[in-house]
Every structure is written in structure tokens, then in C-alpha cells.
Amino acid sequence: MEKEGTEMVEETEHMIVKNGAKDPQNAISASDSKEMRAVVLTGFGGLNKLKVTKKPMPEPQEGEVKIRVKACGLNFLDLMVRQGNIDNPPKTPLVPGFECSGIVESMGENASGFEIGDRVMAFVNYSAWAEVVCTPVDWVYKIPDEMTFPEAAAFCVNFVAAYMMLFEVANLREGMSVLVHSAGGGVGQAVTQLCATVPNVTIFGTASPFKHEAIRHYVTHLLDRNADYVAEVRKISPEGVDIVLDCLCGENTGKGLGLLKPLGTYILYGSSNMVTGETKSFFSFAKSWWQVEKVNPIKLYEENKVMAGFSLLSLLFKQGGCSQVKTAVQALLNLYNHKKIKPLVDSLWALEEVKEAMQRIHDRGNIGKLILDMEKSPTPLVGHMKKTIVTLGCEHTNILTMYI
Ligand SMILES: NC(=O)c1ccc[n+]([C@@H]2O[C@H](COP(=O)([O-])OP(=O)(O)OC[C@H]3O[C@@H](n4cnc5c(N)ncnc54)[C@H](OP(=O)(O)O)[C@@H]3O)[C@@H](O)[C@H]2O)c1
């Protein structure tokens, strides 16, 4: 990860002047530039810890690709990183972000397989939310001609995680049933689309009620996220389900496990419930881990249940799972090319609007993925609008769409 110590910190929040790199006339001067814009997390905490600053231009090290970024994915995990709500958080200041799409600008020594100008998407181990990113060549993938940069930035984390959980861990097959929480979110949408590629899969999905109309065609049985989902699933399917995907790690572990049919698989893959406000809640953190530890392993074998955990970023960044991830990406690109899946982009945000974008996730407002779009200008906000957007709940969606 890059060192931040000597950088010039120049906050450019809601900077209206657009960066010249977009203009082909300025492309050469942009690539010659010694600086770039990036989002910097100055310390763990609330939205005010995010700044847009100028940073030194990174250059590719051995085995790396330098990418001129067009779009970056904003994940729920980024909220947790901002709060310092993850295991072994890295030191701040840091540039957040785990995925981006863009154009190959140069290659480091011993990096091959790409040409300058290739359209690509990439995993990045932090530092994705910047105009230029350098990342190992093994984490970079060419994108199909018809895939837009925002779609590509919405692809890697959500679809690979969904694919590996369904097909590698849970072995999803014809006729099975799946329960997924936050069915309208980034991973949720990827899960429901991938389930639809297998015949006769029944999908139970929880989501905030205002999303139901928009995602109705992806989910067989939609449930209110506030409802007693165990009771609701049992009403429809008394025998339970084959696969439970739980991103509310801890809060509902016992409930989800109890819903499994014999030989069913329960996968923990997130801990959204630990986010209870803008900053980290130690109470929620402790409660989640206490609940998880209450699962009795002896009961698992007596009841023929499989309990699994899945973390794509650990697999890729810490456990050397690059080849498994590559296989998954290839299968997913094949599905994309056959028009079986398509990333659902909720909204595009300028780099300088990262706080508002994050607030939208806190407010549970997104349907699909939020994208930081390098080519988007920040929306000029007059005083009262700025306040309204930050303080209102999901309703701010409507306000935003009026002005973006
Ligand atoms: N293990 C992995 O490899 C992996 C990879 C990617 C993501 N994840 C995990 O998967 C989950 C979903 O990630 P995502 O990036 O796709 O995000 P997302 O689902 O788009 O996240 C936003 C949605 O989460 C729901 N939500 C649940 N608890 C919430 C809370 N406390 N605060 C705000 N919203 C909450 C809301 O939907 P409703 O109100 O409709 O429920 C909200 O709209 C996260 O837990 C994330 O950490 C895991």
C-alpha cells in the first residue's frame, strides 16, 4: 500500500472543475502528470474522515498494471473499513476501494497479457478510489466490448462472491431453494441473477419494502426485511431451504441455521448488522461475535448441516486464491456474454460525492451497486439541499434524482 506521509493534502470537496484527463486533447498531459486525485480516509470514523486529495502519481511495480480509472465500485465493506469495523484494519491514512475499471496505461516489468489501451476491470487491495491505480496483473481482467465501465466496476466483487458461494461452496443445483438477505443490494442482485441461471431454483429474498417492486422479477418470494423471515419462509416451505446466505453475521445465525433442510448449507459472508450508525458500535460488534460463538458444532453433524464462511477478499489477497477467482471470473464473463447476467448499477457519483454515496448505503437506499464515476462532475448543491440529502433517509433518493 502506498505511503501517504509526504502527499500534498488539498481538499477538493465538491470541486466543480472537471479533470482534463477525460478530454482526448489532454490525455497526454494527464498521463504525464505527477499527481492524481484520490479519496483518502484520514482516520477511522464517520463520513467526515473522507477527503478528496491530490496524491503522487503511482507507477507500476514488477508484475503490476497501471490503470487509468474510469469507475470504482462502492461496497458495503467500504463503510465498515471507514468505521474501522473490520478485523486487523490497516493504518490510516489510506485510499479505500477494492475494485475498479478503466484503461491500461502502462505495465510494470514482467507483467504481460495486456496492451496499453485495453479496457479492463480489476481487484485492488485498497487504493481503488483514485484516478490511477496500480495492481498485480493477476487481478486484472479484460472486459467485453459491450460492458460499460460502471458495469465492469460493479462486476468483480459482487458477482465473484455470489458465484463462489453458490457454486463452489454450496453446490447449487437444479430444484434447490436459496434464502438471501439484502436481495436488492449489490451481492443480493448478483445472487438472484445467478440463481436464475439454474433451472427451478426458488429464491427467498429479504429487502426493505420500497425495493420490492423494483426487484420482484428476480426473486420468487420477497420478504420484508423487518418481518420474521423464518416464520414467513416456513409458511411457504415448511421443510426449510437448501442454502442460506447470511450477510448479517451473528444477528440471525441460529435462525438461519434452523431453516436448513438436511444436507443444506449455511454461509456466513458478511456482518452488515454491525453497522448501526455512522461510526463503529462496540456493542453491536461484541454482540455479533458472542452470537456466532453460540453455534454448537456437535449439532451440525447430528442434524446434517453444513456451516461455511466465505470471504472473497481474504481468499484473493491473503490466501493466494487467485486461480480460483480467475476461473470464476471466466465463467461469469461467459454468462455475461450470453446475456444471462448483467450488473445492476444503482447510481453514479463523482469522486467528490463519496460521502453522499456512502450515506445512501447507510440509508438502505440502493438497489444494486453504487459507482464512483471519474467522468462525472459533482452535483452543485445549494446549502439547504446539501443538508436535506445528508439528513433524510431513503427519501433522499428522489431528491437526488432530481438534481443529478
Ligand atoms: N464475504 C465476501 O466475500 C463478501 C463480498 C461482498 C460483500 N460481502 C458482504 O455482503 C453484504 C452486502 O454487500 P454489498 O456490498 O452488496 O452491499 P449492499 O447489499 O448493496 O448493501 C446495502 C444494503 O444492505 C442492507 N443492510 C443490511 N444491514 C444494513 C445496515 N446495518 N445498514 C445499512 N444497510 C444495511 C440494506 O438493504 P435492505 O434494507 O434492503 O436489507 C442496504 O440497502 C455486506 O455484508 C458485505 O460485507 C461479502
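**Rings, burial and cysteines**

Modeller: Arg119 lies over the face of Phe149, 4.6 Å from the ring centre. A charge sits over a ring if NZ of Lys or CZ of Arg is within 6 Å of the ring centre and within 35 degrees of the ring normal. This is a predicted model, in which local features need pLDDT of at least 70 and side-chain atom pairs pLDDT 80 or more, while totals for chains, interfaces and linings use all residues. Residues are numbered from 1 along each chain as its sequence is written, and side-chain values use heavy atoms, without hydrogens and water.

Colleague: Why is the pair of Phe98 and Tyr126 called tilted?

Modeller: Rings of Phe, Tyr and Trp (its six-membered ring) pair if their centres lie within 6.5 Å; planes under 30 degrees apart are stacked, over 60 edge-to-face, and the rest tilted. The count comes to 7 aromatic pairs. For Phe98 and Tyr126 the centres are 4.7 Å apart and the planes at 55 degrees, so the pair is tilted.

Colleague: What is the pair of Phe123 and Tyr141 called?

Modeller: Phe123 and Tyr141 are edge-to-face, with 80 degrees between the planes and 6.5 Å from centre to centre.

Colleague: Why does Asp242 count as buried?

Modeller: Buried means under 20% relative accessible area, exposed over 50%, and partly exposed in between (1.4 Å probe, protein chains only). Asp242 has 14%, so Asp242 is buried.

Colleague: Is Cys134 buried or exposed?

Modeller: Cys134 has 18% relative accessibility and therefore counts as buried. Cys322, at 15%, is likewise buried.
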